[in-house]
Amino acid sequence: MAIKLHAPSRRELLLSSGVLFAWTCVPKLALAEGRDPRLLVFILRGALDGLAAVAPVGDPDWIRLRGNQGLSLQGPPAALPLNGFFALNPAMPNLHRMYKAGHATIVHAVSSPYRDRSHFDGQDVLESGLTRPGASESGWLNRALASLVPAGNVNPKGREAFAVGPITPLVVRGAAPVMSWTPPRLPPPTDDMVMRLLDLYRHTDPALAHVLEERRDLAAIAREDGMLQPQRPQPHPPGPPAQQTQMRPPNRPVPGEAQRRYFAESAGAAAKFLARPDGPRIGALSFDGWDTHAAEGATNGRLSQLLGALDGALAAVESGMGPAWNETVVAVMTEFGRTARINGTDGTDHGTATIALLVGGTVRGGRVLADWPGLKESDLRDGRDLKPTTDLRAILKGVLRDHVRVDEKALASTVFPDSAMAKAMGGLVTV
Amino acid sequence: MSANPSLDAALALHRFGFGPRNNAISKLAADPRGALLAELDHPGAALIQDPNLLDTGEIARAVFDFRQERKAVRFAQQADQMMTANANATPPAKPPGPGLPQQIYLAEAKAHFDRALDAETGFVERLVWFWSNHFCVSADKVHPYVGAFEREAIRPHVLGHFADMLLAVESHPAMLLYLDNAHSMGPDSIAGHNQHKGINENLAREIMELHTLGVRTGYSQADVTNFANVISGWSIFPPRDQENGGEFNFNARMHEPGPQTVAGHTYAGMGFDQGAAVLLDLARNPATAKHIATKLARHFVADDPPPQLVEALRASFVKSDGDLRELARTLLLSPEAWAAPRSKLKRPGEWLVATARATGVRSPDVRPLLNAQNMLGEPLWRPPAPKGFDDVNAAWMDGIAQRLEIANQVAHRVSPADDPRALVDTALGPLASAETRQAVARAETRPEAVAMLLMSAEFQRR
């Protein structure tokens with residue numbers, strides 16, 4: 001019996017914005033090998049501080065670089081050890097568990113070929129798979145799909161779902177048909193966005209600044225007092241930091257909770273689609289909010305909340321995927337990294353290299369892949385950024401080739417043109 | 001007007017129109033004021049001629065039939081239940097989808113918004129919105145008629161004469177029902193005698209206080225009462241009437257006979273003409289000219305509008321005998337209307353339309369727009385009181401945080417192919433401050449950049 005894909009109601013589509021885009025074919029080559037691979041791409045927009053997510057605690061220059069604001073194995077809160085050299089942000093217990101189980105690989109000092117510092121342009125390069133911004137109307141994921149020979153549409157009626165959809169992100173735009181699905185919940189305006197707007201108003205319109213500030217404070221008080229309804233009981237994420245649950249009454253929402261919920265719900269829903277026998281096999285989601293210029297809060301603030309939300313999203317994929325988790329790779333990437341040092345406002349500015357994650361049951365994990373560039377003054381790019389030593393395209397090419405079975409020639413020509421220097425990295429997945 | 005034509009073009013679009021779209025700013029730069037004036041040259045510019053939209057009488061009869069039918073179905077189901085004596089039977093399910101009144105409301109709302117979204121500059125449509133709010137009715141009370149009211153009583157006269165609009169409005173079934181005149185009967189009328197009922201002053205009072213003279217302009221309670229007597233019998237045919245149901249009916253049996261004195265004039269006339277004569281005099285009353293001039297200037301220019309501008313509008317209104325096209329021309333030709341700082345916060349509906357025009361984010365379904373307007377406290381055709389929605393900043397400032405939610409939603413639907421930095425030029429052009437440009441350029445994502453633009457003071461104020 002053919003199960004119909006959830007066709008989003010018109011209203012959902014019109015009102016929503018966070019969107020999963022997916023390809024509903026089974027790649028023929030992989031199928032011939034008796035595999036049914038799933039690939040989910042997370043784009044983290046805003047530039048994730050890779051050093052705050054995965055810290056080189058074993059680097060003798062680390063403490064000097066970040067001081068108290070850097071992760072350490074001593075804490076507080078204590079970073080989660082990965083190997084002798086790297087440690088994971090304590091907000092990510094699920095990723096740590098997956099890493100220990102051999103289902104997560106961390107790539108460090110990685111970057112796309114983009115070397116400037118504009119978000120839009122950086123995202124453009126990251127998603128287009130080209131070497132310069134504004135050069136393509138299609139994304140690498142779509143071109144990879146277009147090169148695959150499908151073993152038939154997984155759902156003969158699935159094409160119905162292709163027609164609708166609001167705006168497709170660049171990474172999946174292109175010739176291969178994509179369907180879209182919109183999660184029921186919208187990403188809320190981030191606290192950071194409110195801060196930026198407030199800052200803009202302070203410079204241009206004090207009256208509006210005053211109103212926005214007042215509203216924000218009122219909202220905060222309402223939140224503190226649990227006045228905002230409805231207050232749904234939150235399922236405890238596996239292994240939350242113990243002190244957090246102890247310190248807060250059970251019904252009191254933790255800061256950043258809307259974001260956490262949004263991440264987990266959209267990722268979980270995406271996974272449930274990908275898990276279905278008649279569901280899509282390849283999808284992409286994006287999560288915003290990583291541009292931590294001020295008060296970054298790597299261990300107990302904004303970034304910590306974001307990483308926690310990302311951790312929840314990964315856990316939601318794992319559980320939503322069910323048995324298909326064993327055929328899944330979740331690839332997490334961001335447009336560039338951030339400055340190695342903390343800036344004058346306890347944040348970090350736009351940088352270069354950062355981390356990428358490969359998570360999933362089929363990932364050959366438990367490894368941090370890094371040709372570590374070092375953190376000495378002379379090691380840093382322009383004296384400020386972590387120097388990129390791994391080309392993100394090498395990772396992506398490796399995953400596309402070995403997991404999804406994209407043809408190597410297509411990878412070198414249409415998917416990632418001008419990437420000869422970034423040879424597909426082997427051994428990233430168990431095949 | 002300033003020395004910078006493209007600045008004037010951007011101002012023209014934001015202050016007098018519904019905001020720029022595509023390359024409107026550069027298109028208008030040759031002659032911004034001329035472009036606005038040109039919109040006034042099409043006498044039927046404000047009309048909506050859509051064969052799918054019913055007129056008020058048709059609506060009344062269709063809704064009557066619809067309700068009868070539903071009643072019959074409900075009745076049959078209840079009878080059915082009683083026959084089967086099944087106490088546990090689930091209550092009959094409501095038919096899915098919006099009922100006929102709401103379908104009509106949605107179709108009217110769509111026509112209303114489409115006009116604003118598609119307008120060249122939107123000046124005429126802004127006038128429609130202004131007058132529609134000045135002479136408001138509310139969907140809370142006359143749900144299916146609100147759109148037809150705007151089409152039938154407001155739009156035909158937006159570039160015509162105030163006295164004609166006044167007569168069309170006050171004799172429109174939606175207004176007669178909204179302000180309770182449909183059942184008002186003179187105590188000495190035949191119906192009043194028979195039923196021992198009398199007048200309802202509501203409409204008479206609001207005509208003088210809100211629609212014409214303005215509050216505290218010297219009319220007395222006796223004037224209100226007498227005027228109510230004058231318009232007693234201004235009613236509608238009952239909707240069950242297959243021929244004329246729902247249409248205006250001067251019911252002589254409900255009309256208070258005899259002469260009445262209103263604002264110092266005695267009206268001997270008989271029947272409907274008596275009321276029409278009072279309305280004409282009210283339209284020509286100097287207090288009305290002052291009232292309208294002040295409101296119009298407040299709406300387009302400033303909460304406390306420049307006195308010279310108000311005076312120019314007042315004089316124009318008097319001199320032209322309430323020619324609303326002349327009044328609009330006077331507004332555009334007044335230097336004060338252009339020179340005033342951009343202090344007015346766009347009302348929610350204006351801002352939503354401007355947002356859709358600037359970003360191109362638009363859906364065939366009108367409901368997202370309606371929902372957004374509800375959320376921002378300006379539900380379409382549903383003002384909190386006969387006074388209409390407030391037209392001063394203080395009423396709308398608090399909604400700015402909610403606007404961020406909406407800006408964020410819209411921004412996520414903007415095509416990623418649109419560079420937000422280019423969108424600044426489309427939406428604001430030379431009005432954009434360096435700070436806003438920087439905030440847009442530095443935003444972390446395209447959607448955030450677009451949201452910053454839509455939330456910027458330059459885009460919020462006009």
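Residues are numbered from 1 along each chain as written, chains are lettered from A and ligands numbered from 1 in written order. In this predicted model, local features need pLDDT of at least 70, side-chain atom pairs count only at pLDDT 80 or more, and totals for chains, interfaces and linings use all residues.

**Exercise 1.** State how many helices and strands chain A has, and what share of chain A is buried.

*Solution.* Chain A holds 14 helices and 14 strands (DSSP runs numbered from the N terminus: helices H or I, at least four residues; strands E, at least two). Of its 431 residues, 54% are buried (20 or more other C-beta atoms within 10 Å of the residue's own, C-beta atoms being placed from the backbone).

**Exercise 2.** Describe how α13(A) and α14(A) pack.

*Solution.* Start with the positions: α13 of chain A covers residues 392-404, and α14 of chain A covers residues 408-415. Next, the geometry: the angle is about 140°, with the axes 10 Å apart (lines fitted to C-alpha atoms over the stretch in contact; angles run from 0 to 180 degrees between N-to-C directions). Last, the residues: K397(A), L400(A) and R401(A) of α13(A) meet E408(A), L411(A) and V415(A) of α14(A).

**Exercise 3.** Find which element gives the largest share of the side of chain B that touches chain A.

*Solution.* The contact takes 32 residues from chain B and 31 residues from chain A (C-beta atoms, placed from the backbone, within 7 Å). The largest share of chain B's side is six residues, from α22(B).

Note on methods. Two residues are in contact if their C-beta atoms, placed from the backbone, lie within 7 Å. A residue is buried if 20 or more other C-beta atoms lie within 10 Å of its own, exposed if 12 or fewer, and partly exposed in between; C-beta atoms are placed from the backbone.
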